[in-house]
Amino acid sequence: MIKNFILLFILIFVSSCSTNNAVVRTSKPDPRKSGTPVAQATRKPIYKPTGQKQSDTEPQKPKISVSNQDNSAVVLEATTRVKVTTQMVLAYIEQYKEIAKDNMVKTGIPSSITLGQAILESGAGTGPLSIQANNHFGIKCHKEWTGPSISYTDDAENECFRKYDDPSDSFRDHSYFLTSRPRYSTLFQLDKDDYAAWANGLKLAGYATDPKYPDKLIALIERYQLAKYDAEVLGKEYTPIVKSQPITYENNNEMYTVVKGDTLYSISKKFNISIEELKKKNNLTDNTLSLGQSLLVK
């Protein structure tokens, strides 16, 4: 009986071992434990030239440095409004007077006119075109110009202006500009020492759009006695002429030309008019006056 029980147990055990197979469980690999590298977003480095700051690659606006070595600061209308001192203007004249005299000998254009225009249009060499392009007369490219140029916003956006290697080239080109264009031919029939006639003749020929251009030019010539260089070229004696009295025009309104030392207060006292009325008559928004500026005082 016991043998039969043991034999039955053995048979059952062997049968179960032969019929049951081992089960192998599989699973998908955990991507977080995978050895495959995971792509990550990276930022490209910004290229900076060696030894150069990032801001250096941006276009720089011209900086106009104005010294204040005396109290006679004036505002000049170049391609922008710039403030200069008497000392700065005198230094500019000293630097370019010989070039203006030489051009007068060669072309007949008065030195006083050349220097006066250069001071007015370049801001005595401090204007943006003078600094960036050595262009002291604001001469635009025009069709015949094949030399270097610079874009500058003046009457219109990004206009083409001539660029020179040296300021003296600008002076010579200005003389050529006047002598080569027929509309200025009548100027050369005028006396070479009559700067007032030349100043008004330039306006009549269409040189400037500013109706007060001749007044400003004449005021500069007289303020800095530029006509003495005309006299030197012509071998004549020079007599300074300074006009500071009101100029009467056809409409019987009196105009006053601003001279060194003038302020709105001093002018208002001179013509018995309030400062506010003076500003209103001349459409002034502040107390700034320009040397050679014409003011309506009556």
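D169 and R172 are three residues apart in helix α5, so about one helical turn separates them. An α-helix has 3.6 residues a turn, so residues three or four places apart point the same way. D169 and R172 form a salt bridge, with the closest N and O atoms 3.1 Å apart. A salt bridge here is a side-chain nitrogen of Lys or Arg within 4 Å of a carboxyl oxygen of Asp or Glu. Side chains of opposite charge can pair when their charged atoms come close. D169 counts as partly exposed because its relative accessible area is 28%, and R172 is partly exposed at 42%. Buried means under 20% relative accessible area, exposed means over 50%, and partly exposed lies in between (1.4 Å probe, protein chains only). The helices (H or I, at least four residues) and strands (E, at least two) are DSSP runs, numbered from the N terminus.

This is a predicted model, in which local features need pLDDT of at least 70 and side-chain atom pairs count only at pLDDT 80 or more, while totals for chains, interfaces and linings use all residues. Residues are numbered from 1 along each chain as its sequence is written, and side-chain values use heavy atoms, with hydrogens and water left out.

The protein chain has ten helices and seven strands. Of its 298 residues, 38% are buried. A contact means heavy atoms within 4.5 Å. Among the contacts in the chain with a separation of 6 or more, 54% are between residues 24 or more positions apart.

Across the whole structure, a search finds eleven salt bridges. One of them joins the side chains of E144 and R162, at 3.1 Å from N to O. This pair links distant parts of the chain: E144 is in the loop between α4 and β3, R162 is in strand β4 (residues 159–162), and 18 residues separate them. E144 is partly exposed, with 47% relative accessibility, whereas R162 is buried at 3%. Which other residue does R162 pair with in a salt bridge? The partner is D173, and the closest N and O atoms are 2.7 Å apart. Here too distant parts of the chain are linked, since R162 belongs to strand β4 and D173 to helix α5, eleven residues apart. Both R162 and D173 are buried.

The next topic is the aromatic rings. Rings of Phe, Tyr and Trp (its six-membered ring) pair if their centres lie within 6.5 Å; planes under 30 degrees apart count as stacked, over 60 as edge-to-face and the rest as tilted. The whole structure holds nine aromatic pairs. One of them is F137 with F171, an edge-to-face pair with 5.1 Å between the centres and 85° between the planes. F137 sits in the loop between α4 (128–133) and β3 (149–152), while F171 is in helix α5, 34 residues apart, so this pair links distant parts of the chain. F137 is buried at 4% relative accessibility, and F171 is buried at 0%. The rings of Y207 and Y213 have centres 5.9 Å apart and planes at 40°, so this pair is tilted. Y207 and Y213 are both buried. Y92, Y96, F137 and F171 form one aromatic cluster.

Helix α6 covers residues 195–204, and its buried residues are Y195, W198, A199, G201 and L202. Seen down the axis of α6, these buried residues fall within an arc of 165° (taken from the directions from the helix axis to the C-beta atoms), so they line one face of the helix. The elements that cover them include α3 (111–122), α5 (167–180), α7 (213–223) and α8 (227–234). After α6 comes G206, whose phi is positive, near 90°.

A nonpolar core is a set of buried Ala, Val, Leu, Ile, Met, Phe, Trp, Tyr and Cys residues joined through side-chain atoms within 4.5 Å. The largest such core has 39 residues, of which I93, I113, Y184, L202, Y207 and L226 touch the most other members. At least two residues of this core come from each of α2 (86–107), α3, α5, α6, α7 and α8. The largest share, seven residues, is supplied by α2. Leaving aside neighbours within four places in sequence, Y207 is in contact with Q117, E121, F137, H174, F177, L178, Y184, L202 and Y213. A second, separate core of eleven residues includes V258, L264, L289 and L295.
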